[in-house]
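I opened my notebook for a friendly look through this model. Here is what I looked up, entry by entry.

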Amino acid sequence: MLGRSRRLRHRPAPPLPSPPALPLCPSLPVAPAARCQFCACATATWPAASRSRSLAARSLPRSPARPGPNDAPLGEHDFRGQGVRAQRFRFSEEPGPGADGAVLEVHVPQVLHLQYGMYVWPCAVVLAQYLWFHRRSLPGKAILEIGAGVSLPGILAAKCGAQVILSDSSELPHCLEVCRQSCQMNNLPHLQVVGLTWGHVSWDLLALPPQDIILASDVFFEPEDFEDILATIYFLMHKNPKVQLWSTYQVRSADWSLEALLYKWDMKCVHIPLESFDADKEDIAESTLPGRHTVEMLVISFAKDSL
(Lines give C-alpha, C1' and ligand atoms only; values in the text may rest on other atoms or scores of the structure.)
Protein backbone atom coordinates (compact mmCIF):
# COMPACT_ATOMS: atom_id res chain seq x y z
CA MET A 1 0.00 0.00 0.00
CA LEU A 2 2.95 2.25 -0.32
CA GLY A 3 4.13 4.90 -2.71
CA ARG A 4 7.65 3.79 -3.66
CA SER A 5 10.09 6.60 -4.49
CA ARG A 6 13.40 6.48 -6.28
CA ARG A 7 16.12 9.10 -6.35
CA LEU A 8 16.05 10.98 -9.62
CA ARG A 9 19.56 11.03 -11.03
CA HIS A 10 19.02 14.26 -12.92
CA ARG A 11 17.77 16.13 -9.85
CA PRO A 12 20.58 16.01 -7.27
CA ALA A 13 19.58 16.94 -3.74
CA PRO A 14 21.62 17.97 -0.71
CA PRO A 15 22.79 14.87 1.14
CA LEU A 16 21.34 13.80 4.45
CA PRO A 17 23.73 13.52 7.42
CA SER A 18 26.49 10.95 7.14
CA PRO A 19 26.23 7.92 9.41
CA PRO A 20 28.49 7.58 12.43
CA ALA A 21 32.04 6.50 11.63
CA LEU A 22 32.58 2.75 11.66
CA PRO A 23 35.58 1.07 13.31
CA LEU A 24 38.24 -0.30 10.98
CA CYS A 25 37.16 -3.87 11.63
CA PRO A 26 33.47 -3.70 12.51
CA SER A 27 31.98 -6.65 14.33
CA LEU A 28 28.22 -6.87 14.17
CA PRO A 29 26.69 -7.15 17.65
CA VAL A 30 25.23 -10.50 18.56
CA ALA A 31 21.63 -10.35 19.75
CA PRO A 32 21.05 -12.13 23.05
CA ALA A 33 17.92 -13.85 21.77
CA ALA A 34 16.69 -15.41 18.54
CA ARG A 35 17.71 -13.38 15.50
CA CYS A 36 15.49 -12.20 12.68
CA GLN A 37 16.83 -13.19 9.26
CA PHE A 38 16.00 -9.78 7.76
CA CYS A 39 17.73 -7.56 10.31
CA ALA A 40 19.31 -9.98 12.84
CA CYS A 41 17.33 -8.26 15.58
CA ALA A 42 16.51 -9.66 18.97
CA THR A 43 13.08 -11.21 19.31
CA ALA A 44 10.96 -9.91 22.15
CA THR A 45 9.66 -12.60 24.49
CA TRP A 46 5.96 -12.75 25.34
CA PRO A 47 3.67 -15.05 27.33
CA ALA A 48 2.28 -17.93 25.36
CA ALA A 49 -0.77 -16.93 23.34
CA SER A 50 -3.85 -18.98 22.62
CA ARG A 51 -2.97 -18.93 18.90
CA SER A 52 0.59 -19.98 18.14
CA ARG A 53 0.36 -19.81 14.34
CA SER A 54 2.89 -17.57 12.59
CA LEU A 55 2.46 -16.06 9.17
CA ALA A 56 6.21 -16.50 8.71
CA ALA A 57 5.64 -20.21 8.12
CA ARG A 58 3.54 -19.58 5.02
CA SER A 59 4.09 -17.46 1.95
CA LEU A 60 2.21 -16.81 -1.27
CA PRO A 61 2.78 -14.10 -3.87
CA ARG A 62 1.69 -10.75 -2.49
CA SER A 63 -1.51 -9.15 -3.70
CA PRO A 64 -3.63 -6.16 -2.72
CA ALA A 65 -6.85 -6.48 -0.78
CA ARG A 66 -9.60 -8.17 -2.75
CA PRO A 67 -13.10 -6.71 -2.92
CA GLY A 68 -15.26 -8.09 -0.16
CA PRO A 69 -18.58 -7.49 1.57
CA ASN A 70 -17.23 -4.34 3.23
CA ASP A 71 -16.37 -2.70 -0.10
CA ALA A 72 -18.51 -0.01 -1.66
CA PRO A 73 -18.15 1.73 -5.03
CA LEU A 74 -17.69 5.49 -4.79
CA GLY A 75 -18.95 6.42 -8.24
CA GLU A 76 -18.79 10.20 -8.17
CA HIS A 77 -15.46 10.09 -6.31
CA ASP A 78 -13.64 8.38 -9.19
CA PHE A 79 -9.95 9.26 -8.97
CA ARG A 80 -8.54 10.79 -12.16
CA GLY A 81 -10.64 8.48 -14.30
CA GLN A 82 -9.79 5.40 -12.23
CA GLY A 83 -12.45 3.38 -10.45
CA VAL A 84 -12.34 3.89 -6.68
CA ARG A 85 -13.77 1.63 -4.01
CA ALA A 86 -13.97 2.35 -0.30
CA GLN A 87 -13.01 -0.60 1.87
CA ARG A 88 -13.94 -0.80 5.52
CA PHE A 89 -11.59 -2.22 8.15
CA ARG A 90 -13.30 -2.91 11.48
CA PHE A 91 -10.97 -3.29 14.45
CA SER A 92 -12.53 -4.71 17.59
CA GLU A 93 -11.72 -6.06 21.01
CA GLU A 94 -13.45 -8.98 22.67
CA PRO A 95 -15.17 -7.81 25.86
CA GLY A 96 -13.84 -9.33 29.04
CA PRO A 97 -11.81 -8.56 32.18
CA GLY A 98 -9.84 -5.39 31.49
CA ALA A 99 -11.36 -5.08 28.01
CA ASP A 100 -14.27 -2.82 27.09
CA GLY A 101 -15.15 -4.39 23.75
CA ALA A 102 -14.09 -1.29 21.81
CA VAL A 103 -14.73 -1.08 18.06
CA LEU A 104 -13.17 1.26 15.49
CA GLU A 105 -13.86 1.46 11.75
CA VAL A 106 -11.51 2.91 9.15
CA HIS A 107 -12.46 3.44 5.51
CA VAL A 108 -9.77 3.73 2.85
CA PRO A 109 -9.87 4.10 -0.93
CA GLN A 110 -8.84 1.25 -3.21
CA VAL A 111 -7.75 2.54 -6.62
CA LEU A 112 -6.95 0.30 -9.58
CA HIS A 113 -3.69 1.99 -10.49
CA LEU A 114 -0.09 1.06 -11.31
CA GLN A 115 1.25 3.03 -8.33
CA TYR A 116 1.82 0.77 -5.31
CA GLY A 117 0.38 3.29 -2.86
CA MET A 118 -3.13 3.32 -4.26
CA TYR A 119 -4.45 0.23 -2.48
CA VAL A 120 -3.99 -1.73 0.75
CA TRP A 121 -1.20 -4.30 1.10
CA PRO A 122 -0.94 -7.07 3.74
CA CYS A 123 1.67 -5.27 5.86
CA ALA A 124 -0.61 -2.25 6.39
CA VAL A 125 -3.27 -4.30 8.16
CA VAL A 126 -0.71 -5.90 10.48
CA LEU A 127 0.78 -2.52 11.41
CA ALA A 128 -2.70 -1.09 11.96
CA GLN A 129 -3.46 -4.04 14.26
CA TYR A 130 -0.30 -3.25 16.26
CA LEU A 131 -1.49 0.34 16.66
CA TRP A 132 -4.96 -0.85 17.66
CA PHE A 133 -3.43 -3.14 20.30
CA HIS A 134 -1.49 -0.15 21.72
CA ARG A 135 -4.26 2.41 21.15
CA ARG A 136 -4.42 3.52 24.80
CA SER A 137 -0.85 4.86 24.54
CA LEU A 138 -1.49 6.86 21.34
CA PRO A 139 -3.48 9.97 22.44
CA GLY A 140 -1.28 13.04 22.12
CA LYS A 141 1.60 11.21 20.47
CA ALA A 142 3.26 12.87 17.47
CA ILE A 143 3.22 10.28 14.68
CA LEU A 144 4.54 10.46 11.12
CA GLU A 145 3.68 7.81 8.53
CA ILE A 146 6.16 7.54 5.65
CA GLY A 147 5.25 5.94 2.33
CA ALA A 148 1.69 6.21 3.56
CA GLY A 149 -0.32 5.65 0.37
CA VAL A 150 -3.89 4.92 1.45
CA SER A 151 -2.69 5.52 5.03
CA LEU A 152 -4.57 2.79 6.93
CA PRO A 153 -2.14 2.78 9.93
CA GLY A 154 -1.89 6.57 10.10
CA ILE A 155 -5.65 7.08 9.86
CA LEU A 156 -6.24 4.55 12.64
CA ALA A 157 -3.65 6.29 14.84
CA ALA A 158 -5.38 9.65 14.24
CA LYS A 159 -8.74 8.16 15.17
CA CYS A 160 -7.15 6.90 18.39
CA GLY A 161 -6.12 10.45 19.36
CA ALA A 162 -2.59 10.76 17.96
CA GLN A 163 -1.33 13.91 16.21
CA VAL A 164 -0.61 12.40 12.81
CA ILE A 165 1.22 13.64 9.71
CA LEU A 166 0.90 11.54 6.56
CA SER A 167 3.64 11.53 3.94
CA ASP A 168 4.51 9.92 0.63
CA SER A 169 6.98 10.67 -2.12
CA SER A 170 6.90 14.23 -3.44
CA GLU A 171 7.51 12.63 -6.84
CA LEU A 172 4.23 10.66 -6.68
CA PRO A 173 1.37 13.19 -6.63
CA HIS A 174 -1.24 10.43 -7.14
CA CYS A 175 -0.19 8.86 -3.82
CA LEU A 176 -0.35 12.20 -2.01
CA GLU A 177 -3.85 12.72 -3.42
CA VAL A 178 -4.98 9.30 -2.19
CA CYS A 179 -3.63 10.21 1.29
CA ARG A 180 -5.91 13.25 1.27
CA GLN A 181 -8.81 11.15 0.04
CA SER A 182 -8.35 8.76 2.98
CA CYS A 183 -8.50 11.74 5.34
CA GLN A 184 -11.76 12.92 3.76
CA MET A 185 -13.35 9.46 3.97
CA ASN A 186 -12.67 9.33 7.72
CA ASN A 187 -13.71 12.90 8.52
CA LEU A 188 -10.13 13.93 9.25
CA PRO A 189 -9.67 16.87 6.84
CA HIS A 190 -7.29 18.59 9.27
CA LEU A 191 -4.54 15.95 8.93
CA GLN A 192 -1.38 17.29 7.33
CA VAL A 193 -0.15 15.55 4.17
CA VAL A 194 3.42 16.27 3.04
CA GLY A 195 5.66 15.10 0.23
CA LEU A 196 8.85 13.42 1.49
CA THR A 197 11.19 11.61 -0.87
CA TRP A 198 13.49 9.15 0.91
CA GLY A 199 17.11 10.21 0.95
CA HIS A 200 16.35 13.81 -0.12
CA VAL A 201 16.40 16.95 1.98
CA SER A 202 13.40 19.21 1.45
CA TRP A 203 11.79 22.11 3.23
CA ASP A 204 8.95 19.83 4.29
CA LEU A 205 11.43 17.43 5.90
CA LEU A 206 13.29 20.25 7.64
CA ALA A 207 10.02 21.75 8.90
CA LEU A 208 8.75 18.55 10.52
CA PRO A 209 8.45 18.78 14.32
CA PRO A 210 10.02 16.06 16.49
CA GLN A 211 8.06 12.82 16.31
CA ASP A 212 7.39 10.16 18.93
CA ILE A 213 6.65 7.34 16.46
CA ILE A 214 7.35 6.87 12.76
CA LEU A 215 5.13 4.38 10.92
CA ALA A 216 6.40 2.49 7.89
CA SER A 217 4.33 -0.25 6.27
CA ASP A 218 6.20 -2.37 3.70
CA VAL A 219 8.62 0.39 2.77
CA PHE A 220 11.49 -2.12 2.63
CA PHE A 221 10.37 -3.29 -0.79
CA GLU A 222 13.16 -2.24 -3.16
CA PRO A 223 16.66 -3.03 -1.78
CA GLU A 224 18.02 0.04 -3.58
CA ASP A 225 15.79 2.19 -1.33
CA PHE A 226 16.80 0.63 2.00
CA GLU A 227 19.62 3.05 2.82
CA ASP A 228 17.66 6.11 1.62
CA ILE A 229 14.88 5.14 4.03
CA LEU A 230 17.26 4.67 6.98
CA ALA A 231 19.06 7.94 6.13
CA THR A 232 15.72 9.77 6.35
CA ILE A 233 14.87 8.00 9.63
CA TYR A 234 18.32 8.88 10.99
CA PHE A 235 17.68 12.56 10.22
CA LEU A 236 14.33 12.41 12.04
CA MET A 237 15.88 10.58 14.99
CA HIS A 238 18.20 13.53 15.56
CA LYS A 239 15.14 15.69 16.17
CA ASN A 240 14.07 13.25 18.91
CA PRO A 241 16.60 10.54 19.80
CA LYS A 242 13.87 8.54 21.54
CA VAL A 243 11.64 8.24 18.47
CA GLN A 244 10.79 4.68 17.40
CA LEU A 245 10.16 3.35 13.91
CA TRP A 246 7.26 0.88 13.93
CA SER A 247 7.54 -1.06 10.71
CA THR A 248 6.04 -4.13 9.07
CA TYR A 249 7.66 -5.84 6.12
CA GLN A 250 6.85 -8.79 3.91
CA VAL A 251 9.56 -11.42 3.52
CA ARG A 252 10.32 -11.80 -0.19
CA SER A 253 13.95 -12.91 -0.38
CA ALA A 254 16.34 -14.61 2.02
CA ASP A 255 19.13 -12.54 0.44
CA TRP A 256 17.74 -9.18 1.62
CA SER A 257 18.98 -7.91 4.96
CA LEU A 258 19.04 -4.68 6.98
CA GLU A 259 21.65 -5.88 9.47
CA ALA A 260 24.69 -4.09 8.08
CA LEU A 261 22.74 -0.90 7.34
CA LEU A 262 21.26 -0.76 10.85
CA TYR A 263 24.75 -1.10 12.30
CA LYS A 264 26.10 1.54 9.90
CA TRP A 265 23.40 4.04 10.93
CA ASP A 266 23.72 3.25 14.66
CA MET A 267 20.28 1.69 15.00
CA LYS A 268 18.92 -1.43 16.66
CA CYS A 269 15.87 -3.54 15.99
CA VAL A 270 13.50 -5.70 18.02
CA HIS A 271 11.23 -8.24 16.36
CA ILE A 272 7.67 -8.32 17.77
CA PRO A 273 5.92 -11.72 17.54
CA LEU A 274 2.58 -11.46 15.75
CA GLU A 275 0.78 -13.49 18.40
CA SER A 276 1.66 -10.84 21.01
CA PHE A 277 -0.80 -8.38 19.43
CA ASP A 278 -3.36 -10.77 17.97
CA ALA A 279 -2.05 -10.55 14.40
CA ASP A 280 -1.17 -14.22 13.86
CA LYS A 281 -4.21 -14.80 11.69
CA GLU A 282 -5.18 -14.48 8.05
CA ASP A 283 -8.16 -12.12 8.41
CA ILE A 284 -7.55 -8.99 10.48
CA ALA A 285 -10.18 -6.29 10.95
CA GLU A 286 -12.85 -8.29 9.09
CA SER A 287 -10.80 -8.21 5.88
CA THR A 288 -9.09 -10.86 3.74
CA LEU A 289 -5.67 -9.53 4.76
CA PRO A 290 -2.92 -10.32 5.51
CA GLY A 291 -3.97 -13.70 4.11
CA ARG A 292 -1.16 -16.25 4.01
CA HIS A 293 1.59 -13.73 3.38
CA THR A 294 4.83 -13.69 5.36
CA VAL A 295 4.65 -10.50 7.44
CA GLU A 296 6.96 -9.43 10.27
CA MET A 297 6.72 -6.59 12.81
CA LEU A 298 9.82 -4.58 13.81
CA VAL A 299 10.55 -1.73 16.22
CA ILE A 300 13.71 0.20 15.29
CA SER A 301 15.41 2.86 17.42
CA PHE A 302 18.80 4.42 18.09
CA ALA A 303 21.20 1.75 19.34
CA LYS A 304 22.15 3.79 22.39
CA ASP A 305 18.54 4.02 23.62
CA SER A 306 16.62 1.15 25.18
CA LEU A 307 13.17 0.27 23.83
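I began with Cys175, which is buried (under 20% relative accessible area with a 1.4 Å probe, protein chains only; exposed is over 50%, partly exposed in between), at a relative accessible area of 0%. I then looked for a partner: the closest cysteine sulfur, in Cys179, is 7.2 Å away, too far for a bond. I counted a disulfide as a pair of cysteine sulfur atoms within 2.5 Å, and the count came to 0. Cys183 is in no disulfide either, with the sulfur of Cys179 nearest at 7.0 Å. Cys183 also counts as buried, at 3% relative accessibility.

A note on my source: this is a predicted model, where local features need pLDDT of at least 70, side-chain atom pairs count only at pLDDT 80 or more, and totals for chains, interfaces and linings use all residues. Residues are numbered from 1 along each chain as its sequence is written, and side-chain values use heavy atoms, with hydrogens and water left out.

I found Leu166 bridged to Val193 in β7. With helix α3 (residues 173-185), β6 and β7 make a right-handed β-α-β unit, meaning that the path from the first strand over the helix to the second runs clockwise with the strands pointing away from the viewer.

Last, I checked α5, residues 226-237: its end C-alpha atoms are 16 Å apart, which agrees with the 16 Å its 12 residues should span at 1.5 Å a residue. The expected span is 1.5 Å times one less than the number of residues. I also found 11 of the 12 residues of α5 buried, among them Phe226, Tyr234 and Met237.

Conventions. Helix = DSSP H or I, 4+ residues; strand = E, 2+ residues; numbered from the N terminus. Pairing = 2+ DSSP bridges.
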